[in-house]
Amino acid sequence: MLLQVRGAIPTTPWELVLTSSRETQFVLAVLAVFSLVSWYLIVLKWWQFRRMRQLSDRFLAEVEKAPRLEDAYHAAMRLPPSPYNRLLREGVHFFSELKPGSLKARASAPDVAALSPGPGATTALTTTQLEAFRMVLAKEVAAERDMAAPFIP
């Protein structure tokens, strides 16, 4: 009698799944698929943020060891594309448009502005210009955050 009762009651989780109804098995299969997808997204985002952290470390190392802002800019632009050098490029581009006389164009790269002040040029920004500069940088930060955010919710 004990042997008959023992065979009728599932003793392992796998036996429980196998002896359940088709509807229950279907729900468990759907849950398993969604679990695999969520683990894939977790690993994907972990890898992306790990890569972004590595790019950040390289960017900061290059910028910190540069003696001048111009050298830091050019060193950062030689690095692989990252949110950090894109933000720096946008900031320099905005500043060079805002104060065209304060930045001289570099002969080797006409579209890239060098960051050394020209003779007699003033680099001080007004409060309005600083606010516009802050808004441009905030827009760029938001755009970079949006590019990094897919699949997070």
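**Helix packing and salt bridges in a predicted model**

Tutor: Let's start with a salt bridge: the side chains of K65 and E62 meet in one, at 3.4 Å from N to O. Bear in mind that we're looking at a predicted model.

Student: Okay, so how far apart are K65 and E62 in terms of helical turns?

Tutor: An α-helix has 3.6 residues a turn, so residues three or four places apart point the same way. K65 and E62 both belong to helix α3 and are three residues apart, so their separation is about one helical turn.

Student: And is K65 buried or exposed?

Tutor: Let's take both partners. E62 has 23% relative accessibility, so E62 counts as partly exposed. For exposed, the value has to be over 50%. K65 is at 60% relative accessibility, so K65 counts as exposed.

Student: How many salt bridges are there by this rule?

Tutor: The rule asks for a Lys or Arg side-chain nitrogen within 4 Å of a carboxyl oxygen of Asp or Glu. K65 with E62 is one of the pairs that pass, at 3.4 Å. By that rule the count is four.

Student: Which helix holds the E144 end of the bridge to R86?

Tutor: The side chains of R86 and E144 meet at 2.8 Å, N to O. This pair links distant parts of the chain, 58 residues apart: R86 sits in helix α5, while E144 sits in helix α6.

Student: What about E140, then: buried or exposed?

Tutor: E140 forms a salt bridge with K139, with the closest N and O atoms 2.9 Å apart. K139 has 51% relative accessibility, so K139 counts as exposed. E140 is at 11%, so E140 counts as buried.

Student: Moving on to packing: what word describes how α4 and α5 sit relative to each other?

Tutor: Helix α4 (residues 69–78) packs on helix α5 (residues 83–98) at about 135°, with the axes 9 Å apart. Roughly antiparallel would need an angle over 145 degrees. The crossing of α4 past α5 is left-handed. The two helices are therefore oblique.

Student: How many of the residues in that contact are charged?

Tutor: From α4 you get A72, Y73, A76 and M77, facing N85, L88, R89 and V92 of α5. That contact of α4 with α5 divides into six nonpolar, one polar, and a charged count of one.

Student: Which helices do the buried residues of α4 pack against?

Tutor: The buried residues of α4 are E70, A72, Y73, H74, A75 and A76. A72, Y73 and A76 are also in the α4 list for the contact with α5. The buried set packs against α3 and α5.

Student: How many polar residues are in the contact of α3 with α5?

Tutor: α3 and α5 pack at about 50°, axes 8 Å apart, which makes α3 oblique to α5. The α3 residues M52, L55, S56 and F59 meet P83, Y84, N85 and L88 of α5. This set has six nonpolar residues, no charged ones, and a polar count of two.

Student: Zooming out, what percentage of the protein's residues count as buried?

Tutor: The protein has six helices and zero strands. Among contacts between residues at least 6 apart in sequence, 51% join residues at least 24 apart. Of the 153 residues, the buried share is 24%.

Note on methods
Residues numbered from 1 in each chain as written. Predicted model: local features only at pLDDT ≥ 70, side-chain atom pairs only at ≥ 80, totals over all residues. Heavy atoms only, no water. Axes fitted to C-alpha atoms, helices over the stretch in contact; angles between N-to-C directions. Helix = DSSP H or I, 4+ residues; strand = E, 2+ residues; numbered from the N terminus. Parallel < 35°, antiparallel > 145°, perpendicular 65-115°, else oblique. Left-handed = near helix turned anticlockwise from the far one by under 90°. Contact = heavy atoms within 4.5 Å. Nonpolar A, V, L, I, M, F, W, Y, C, P; charged D, E, K, R; others polar. Buried < 20%, exposed > 50% of the residue type's maximum accessible area, 1.4 Å probe, protein only.
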